[in-house]
Amino acid sequence: MSRGFALVVRFQLHDDAAAKGFDELVARTTPEIERLEPGTLAYVVHTVPGEPLVRVFYELYADRAAFDAHERQPHTKHFLAEREQYTSGVDVTFMQAESGKMPMHP
């Protein structure tokens, strides 16, 4: 049984206008992830108190294959291409779950 594959992505945004555009891009992308990606178990976008130009994503996939399927989706490719205009920095941490409570994969 797979233990899940996860990542945390921290985006630094250029300015308030970039933050607004980035948030709009996210709002257009996340419904497609929910609708089309059964192997994406969690895709949560966070703001950071005291850091208005930072967004942190937590992504949990059933396994590495589900993440790879997410990366191949047209909506993901569009997001990855469009985000560049809004971000001044991106930091990604990949993680492999070892224990704990996780959502069940359908």
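Here is a friendly note, in numbered points, on the structure shown above.

1. A word on the model comes before the details. This is a predicted model, in which local features need pLDDT of at least 70 and side-chain atom pairs count only at pLDDT 80 or more, while totals for chains, interfaces and linings use all residues. Residues are numbered from 1 along each chain as its sequence is written, and side-chain values use heavy atoms, leaving out hydrogens and water.

2. Let us begin with the sheet. In what order do the strands of the open sheet stand? The order is β2-β3-β1-β4, 4 strands with antiparallel pairing. Strands (E, at least two residues) and helices (H or I, at least four) are DSSP runs, numbered from the N terminus, and two strands pair if DSSP finds at least two bridges between them. The edges are held by β2 (40-48) and β4, each with a single partner strand, so one side of each has no neighbour in the sheet. On average, neighbouring strands are turned by 15 degrees against each other, direction ignored.

3. Now look at one pair of strands. The antiparallel strands β2 and β3 are joined by 8 bridges. Y43 stands opposite E59 in β3.

4. Next comes a helix on the sheet. Helix α2 lies across β1, β2, β3 and β4, and runs at about 125 degrees to β3. For such angles, axes are lines fitted to C-alpha atoms, for helices over the stretch in contact, and the angles run from 0 to 180 degrees between N-to-C directions.

5. Setting aside neighbours within four places in sequence, T76 is in contact with E37, H70 and E71, where contact means heavy atoms within 4.5 Å.

6. How many aromatic pairs does a search of the whole structure find? The search finds 11. Rings of Phe, Tyr and Trp (its six-membered ring) pair if their centres lie within 6.5 Å; planes under 30 degrees apart count as stacked, over 60 as edge-to-face and the rest as tilted. The rings of F11 and F57 are edge-to-face because their centres are 4.8 Å apart and their planes at 65 degrees. F11 lies in strand β1 (residues 5-13) and F57 in strand β3, so this pair ties together parts that are 46 residues apart in sequence. F11 is buried at 1% relative accessibility, and F57 is buried with a relative accessible area of 1%. One aromatic cluster is formed by F11, F22, Y43, F57 and F79.

7. Finally, is D63 buried or partly exposed? D63 is partly exposed, with a relative accessible area of 29%. This residue is in the loop between β3 (51-61) and α2 (64-72), and its side chain reaches the backbone nitrogen of A66 at 2.8 Å.

Note on methods
Buried means under 20% relative accessible area, exposed over 50%, partly exposed in between (1.4 Å probe, protein chains only). A polar contact is a pair of N or O atoms within 3.5 Å; within protein, one must be able to donate a hydrogen and the other to accept it, and residues adjacent in sequence count only if both atoms are side-chain atoms.
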